[in-house]
Amino acid sequence: MDLAFIPSPSTGVVHLGPIPLRGYAFCIIIGVFVGVWLGNKRWIQRGGRSGTVADIAVWAVPFGLVGGRLYHVITTYEPYFGKGGHPLNAFKVWEGGLGIWGAVALGAVGAWIGCRRRGIPLPAYMDALAPGLALGQAIGRWGNWFNQELYGRATDLPWALKISDDPSVGRIGGTYHPTFLYESLWCIGVALLVIWADKRFKLGHGRAFALYVASYCAGRAWIEYMRVDEAHHILGLRLNVWTALIGLVLSIVYIVISAKKVPGREEVVEPGVQDAVTDGAAADGKDTDASADTDAKAAEGAGEKSPKEAGASKAADGDKESVANGAAKLTKDAGSGSRSGGSRSGEES
């Protein structure tokens, strides 16, 4: 008898009249919003404009959803195009089935299009977005909990996931490793790691994004190894394990090579932002000069002398004082000379 476990929802959809509200879709949507929100904050910190991340996400998100679905359908084609499959079910994204590898790959293509239209370097954008992607994945994984999917081997651990029996989809009830939860927690750790490393080492030119890929792949490899759902195998390993290992190696190689070729971080990530700041500072300087001139004129109108006039007046007073001192000295010298002449005449006589 299991004394403790994580219960699964009795249903993954709630109907609001004729409108179905699906937990899977809500988790994906919330994950996207959180990812864009965090990406926007980081983009501003790097010197970009507020709202740019969301503008480019308009391109990246649809591409990512299509890419994620394509990867899932291609690598798990049997339910759709195999014997007894239903091809139209390939479009039912709300039932689950988004491959993160395809989502990131094709989402990057959409981001590239958006960045190109704005004249923004794609690596800088992906660096700003990297922790948000990981955090969005952490939230999105809870959609698998609503659908009772992507769990691991059977276990009686206190945090085991309770799965209900459903012969229609070949699901056997019991308690299993909650691999969706493991991955969610791992993604939170990845987000924190990238944020820390970016602050500590000033990662740039795509290296923060590469760190996100490397650290996520490292965790996904062992989490994927625990799963028991059907998957294609190559040399005894699940396809996604090989994908994670390849992604891990490529991202590490990119970090090493990139750090040698283009060290440091981009100084300008969005054209025109620095010019706007400079123009604003110049405008503030002009306002300060105009204020000083206004104060001088006001002082003059009130009967006070401006700083320049006060200086000229002081100089004139100094000249007058010098002339007076000179005249006094000449007068004194003249008096002294008369007294000296009289004394000599008396001695000679």
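Student: Which residue forms a salt bridge with arginine 141?
Tutor: This is a predicted model, in which local features need pLDDT of at least 70 and side-chain atom pairs count only at pLDDT 80 or more, while totals for chains, interfaces and linings use all residues. Residues are numbered from 1 along each chain as its sequence is written, and side-chain values use heavy atoms, with hydrogens and water left out. A salt bridge here is a side-chain nitrogen of Lys or Arg within 4 Å of a carboxyl oxygen of Asp or Glu. For arginine 141 the closest N and O atoms are 3.0 Å apart, and the partner is glutamate 183.

Student: How many residues apart in sequence are the parts that arginine 141 and glutamate 183 tie together?
Tutor: Arginine 141 sits in the loop between helix 5 and helix 6 (142–147), whereas glutamate 183 belongs to helix 7 (residues 179–201), so the parts that this pair ties together are separated in sequence by 42 residues. Helices are DSSP runs of H or I with at least four residues, numbered from the N terminus. The separation asked for is therefore 42 residues.

Student: Is glutamate 183 buried or exposed?
Tutor: Buried means under 20% relative accessible area and exposed over 50%, with partly exposed in between, using a 1.4 Å probe and protein chains only. Glutamate 183 has a value of 3%, so glutamate 183 is buried.

Student: Where do glutamate 224 and arginine 220 lie?
Tutor: These two residues form a salt bridge whose closest N and O atoms are 2.9 Å apart, and both are buried. They are four residues apart, about one turn of the helix, and the element that holds both is helix 8 (residues 207–226).

Student: What is the relative accessible area of aspartate 229?
Tutor: Aspartate 229 is paired with arginine 238 in a salt bridge, the closest N and O atoms being 3.3 Å apart. Arginine 238 is buried at 7%, whereas aspartate 229 is partly exposed, with a relative accessible area of 26%.

Student: Which residues do salt bridges that share partners join into one network?
Tutor: A search of the whole structure finds 14 salt bridges. Through shared partners, salt bridges link the following residues into one network: Arg141, Glu183, Arg220, Glu224, Arg227, Asp229 and Arg238.

Conventions:
Helix = DSSP H or I, 4+ residues; strand = E, 2+ residues; numbered from the N terminus.
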